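Subject: Structure handover

Hello,

Here is the structure for you to look through. My notes follow below it.

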Amino acid sequence: MRRLVPLEGVAADLQYRAEGLPGVTELAFMESEAAERLAEAQQWLDRLREGWELLIWDPWRSRTTQRAIADRYHAELVAAGEDADTAWDSVWGFVANPSNVYPHGTGGVVDLTLQRHGKEVDCGTGFDEFTRRAHRDWFTVQPPRTSEQIQAAYHRTLLEQAMEHAGFVGLPQEWWHFEWGTTRWARTLGRQPVLTETLELPGGAS
């Protein structure tokens, strides 16, 4: 039986908790096997002996939080002048519907970055910056020219190497987004999905 476990030995800065969205737990959780694989990614970084650490932004996400994200985006669209009903069509093209099985709810998805010696490093954009610069191939399409860009490109590559070593696959549009066991993961690798249900914490923390 699949279950959620708290992430141990990995740093976390839960972005939606910092933003005050409802339903965000104090601790970071993932599905147990996905959590083990995340630990493998950290162990891969540890072997470099350079002080690199994973920094978790958004792991398992409750239905309450998923709904709040959808509601917030809908409000932004309506405020920008979009019809309320039409805006929901736009929302569901961008945010997974919490009424269904949504990727972050499976416990197999994590948004994260790197830190070094306890300090977050630059990866070119921040969390949830939905611009072309956030795409995984940005520094391939636009080769880095400045020292800052070169460092950001290196940090993205290092994060991707660590996560892929542990069996995760990345989302092309978001350099910070990785999945294991999900439908997208299965489709990418030509395998059967492992995580096919939305998981809940004991006690109904969703």
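**D13 and its contacts**

Neighbours within four places in sequence aside, D13 is in contact with L55, I56 and W57 (contact means heavy atoms within 4.5 Å). D13 sits in the loop between strand 2 (11–12) and helix 1 (15–18). Helices (H or I, at least four residues) and strands (E, at least two) are DSSP runs, numbered from the N terminus. D13 is partly exposed, at 34% relative accessible area. The cut-offs: buried is under 20% relative accessible area, exposed is over 50%, and partly exposed is in between (1.4 Å probe, protein chains only).

**How to read the model**

This is a predicted model: local features need pLDDT of at least 70, side-chain atom pairs count only at pLDDT 80 or more, and totals for chains, interfaces and linings use all residues. Residues are numbered from 1 along each chain as its sequence is written, and side-chain values use heavy atoms, with hydrogens and water left out.

**The cores**

The largest nonpolar core has 47 residues. A nonpolar core here is a set of buried Ala, Val, Leu, Ile, Met, Phe, Trp, Tyr and Cys residues joined through side-chain atoms within 4.5 Å. L38, L54, I56, V110, L112, M163 and F168 touch the most other members. Elements that each supply at least two residues include helix 2 (32–46), strand 4 (52–58), strand 5 (109–116) and helix 6 (147–165). Helix 2 gives the largest share, six residues. In soluble globular proteins, nonpolar side chains tend to be buried together.

Take F168. Beyond four places in sequence, F168 is in contact with M30, A34, R37, L38, G108, V110, M163, F178, E179 and W180. There is also a second, separate core of five residues, among them L4, F29, L199 and L201.

**Helix 2 against helix 6**

How do helix 2 and helix 6 pack? Their angle is about 130 degrees and their axes are 7 Å apart. Axes are lines fitted to C-alpha atoms, for helices over the stretch in contact, and angles run from 0 to 180 degrees between N-to-C directions. The two helices are therefore oblique to each other. Angles under 35 degrees count as roughly parallel, over 145 as roughly antiparallel, 65 to 115 as roughly perpendicular, and the rest as oblique.

From helix 2, L38, E40, A41, W44 and L45 meet L158, Q161, A162, M163 and H165 of helix 6. By class, that contact has seven nonpolar, two polar and one charged residues. Ala, Val, Leu, Ile, Met, Phe, Trp, Tyr, Cys and Pro count as nonpolar, Asp, Glu, Lys and Arg as charged, and the others, Gly among them, as polar.

**Other residues to check**

Is T113 buried or exposed? T113 is buried, at 0% relative accessible area. T113 is found in strand 5. Its contacts beyond four places in sequence include L54, W57, C123, L159 and W175.

F94 is in the loop between helix 4 and strand 5. F94 is partly exposed, at 40%, and touches Y73 and F130, leaving out residues up to four places away in sequence.

H117 is not a glycine, yet has a positive phi of about 50 degrees. H117 lies in the loop between strand 5 and strand 6 (119–120) and is exposed, at 66%.

Best wishes
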